[in-house]
Amino acid sequence: MNHKQITYFPRKDLIGFAILAAVLMLVLPMALDVFRLNLVGKYLTYAFVAIGLVLCWGYGGILSLGQGVFFGLGGYCMAMFLKLESSDPESTKIQSTPGIPDFMDWNQITELPWWWEPFYSLPFTLFAVVAVPVLFAFIISVAMFKRRVGGVYFAIITQAIAAILTILIIGQQGYTGGVNGITDLRTLLGWDIRTDEAKTILYFVCCLLLLASLATAQIIRRNKVGRILVAMRDQEDRVRFSGYDVSNFKIFVFCMAAAFSAIGGAMFTLQVGFMSPSFVGIVPSIEMVIYCAVGGRLSLLGAVYGSLLVNWAKTSLSESFPELWLFGLGALFIGVVLAFPNGIAGLFQRYVEPYMPAWYHGRVAAKASEKGNSTTSGDNVTPDTSEEVPTGSDKQPATLKGGHYVNAE
Amino acid sequence: MFAEYTASELTAIFAMQGFAGLILFSVLVLMALGLAIIFGQMGVINMAHGEFMILGAYVTYLTSNLFSEYMPSLFDGYFFVAMAMAFLVTFLLGMLVEWGLIRHLYKRPLDTLLATWGLSLILQQIYRSVFGAREVGVTLPDWMMGSYPLTDMVEVPINGIFVMVLTLVISIGIYFLMFRSRWGKQVRAVVQNRPMAGAVGINTEKVDRLTFGIGCGIAGIAGSAFTMIGSTGPTSGQLYIVDTFLVVVFGGAQSLLGTIASAFTISQAQSTMEFFLSGSMAKVLTLLFVVGILMLRPQGLFALKIRR
């Protein structure tokens, strides 16, 4: 393993990336009008969260039910900058205190709070979009993982944090905009973000960022870190006994997931034009998990398709049959867990990939089939899907039945 | 912040808020006991627990309508019938859910969480379709109305006292069920060592199903009690689920006493702070406090010493 170069992008992943890039950058912009394209852009911001969850949950085995927190923090940071820009003294002169955001004026606040001040600067905002959520994630994860809180407990506590942040945002109406959130965002450095042209450009920016995030995640996944994450998910104690500090890897992957979510949140604010607590709380956070689960919790590309598919279904179903949508979503949760735990990507790997021609699998797979069985090469991720784990322990791996998520090289 | 009140007023405020806290405590205990049995004993995360509670509330609502329609003379006692019905319905649904869903997921606790969340969405939508999106309330029988004056400044509502007594009775009942009955011993045996319990002839699958059913049944009773102090809507259960999980985790998942103690701490802290701060800040501070303690002491207040 030491003397062998890690292939970060094996051929079939490369093909998958190319197809996704083509679909996002060429097919969709040509096929859809600006309104629909903007909608797709909105769905894609959730794909950022789903990618983070693939790393964190699928590979690391850490289920976070609080990804909305990071999505929201990133989005709010962006929204604060945009709001400050749109509430210059000129356009807010009818307020009793001109120059502060309108909701502050409505809540009898006469001075801009100190922690809003830095958001006048775009470089600081762009830094804060990632830094604030990551710092928050870092604090949470250090406190939890260093004390070996994991599994179900971690899920519940992240959920509680999502609840706390929502209540806080709604309660501190004067500083955060309350239930309505931060609305009426107009320009970015004088550039109107509400025009059709701006929406198209933002869509492409979102796509590029998404592809960059995908590439980063892919590198993490194929790297040694990714291998350790899988090992940790399946047999945490063995990894610990091998001399690794398990908690540091968990903290790393959780912070990465938070960073991806935050970028998604900021892009959401830019494309949709507002940010509100309804994207922070328990319900949106757990819905983000289902985007990842539907796409396939072990597949980065699957997560993108999952986000697109679920959100598209949500928009079209909840427009015409609002009742059906909740039934559908509920059934999706149950179905994805019971029937196909590896999501769309799992189905694809099982039923479509075997029929793909040899060039698709690339030279490594071809070589492997020549040799017969290649599991001896050591760096093949063949997760241990043993089912002899004692029940009742909260440190169990997310054992997936069927065990067909082999990352054969 | 205490300056503008006199000493006797402060005492009265604390007494009244303390009592309001006790009512909240009772509902939390009832909800959390069911969850403590399911989560603490079986290790199953039941995100649909709130919806089981609401089912109990709706059954109570239906029973009260039934009584006022057909048997107005017996209306005073409808609540006891309603409670039994609520238990029965949620118990049966719980067994069904265990059989259809939970049973397949014992080895994947995180997936159970997602699946039961899906179940809760489906149940919510069913409630919305059947009972409407608006909240419904039950008519209390006459003897539960009004309040009982302790001093001239302190008054306690009678329905609150009733809910508290009910909580006490049920808690004692669960104690006997868990620690004195044959079923309770079997449950604890299965929790402590599943293969061994199976080897000595305990039908572990049956015990699991019963445990889940009884946990859900207690949630049903909680819902029934809930109608005495508040109205019920399709999403009321979701509002309580995080609080309830925190109560159970905070108390130490496997300890029933811990559950009661932590429900007491959380509800008292919240209702006392609610008077002086805004409701939302009280809630934020309470939850932060609980999360903070859990980070320092992940095993909860009362941790059982179990060999893992």
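## Confidence

pLDDT is the predictor's confidence in each residue, from 0 to 100. Chain A of this predicted model averages a pLDDT of 82, and 87% of its residues score at least 70. Helix α11 (residues 246-272) of chain A has the highest confidence, at 93. Helix α16 (residues 358-371) of chain A has the lowest, at a mean of 60.

Over residues 370-409 of chain A, pLDDT stays under 50. Where pLDDT is low, the predicted coordinates should not be read in detail.

## Fold of chain A

Chain A has 16 helices and two strands. These are DSSP runs: H or I of at least four residues for helices, E of at least two for strands, numbered from the N terminus. Of the 409 residues, 54% are buried (under 20% relative accessible area, 1.4 Å probe, protein chains only).

## Interface of chains A and B

Contact (heavy atoms within 4.5 Å) involves 46 residues from chain A and 44 residues from chain B. B:L110, B:L114 and B:M295 supply 17% of the area that chain B buries against chain A, more than any other three residues. Buried area is the accessible area (1.4 Å probe) that two parts lose on being put together, summed over both. It comes to about 4,200 Å² here, with 77% from carbon and sulfur atoms.

The interface has one salt bridge (a side-chain nitrogen of Lys or Arg within 4 Å of a carboxyl oxygen of Asp or Glu). A:R297 and B:D111 form a salt bridge at 3.3 Å, N to O. On the side of chain B that touches chain A, α4(B) gives the most, with 15 residues.

## Conventions

Residues are numbered from 1 along each chain as its sequence is written, chains are lettered from A and ligands numbered from 1 in the order in which they are written. Local features need pLDDT of at least 70, side-chain atom pairs count only at pLDDT 80 or more, and totals for chains, interfaces and linings use all residues, while side-chain values use heavy atoms, leaving out hydrogens and water.

Methods: Buried means under 20% relative accessible area, exposed over 50%, partly exposed in between (1.4 Å probe, protein chains only).
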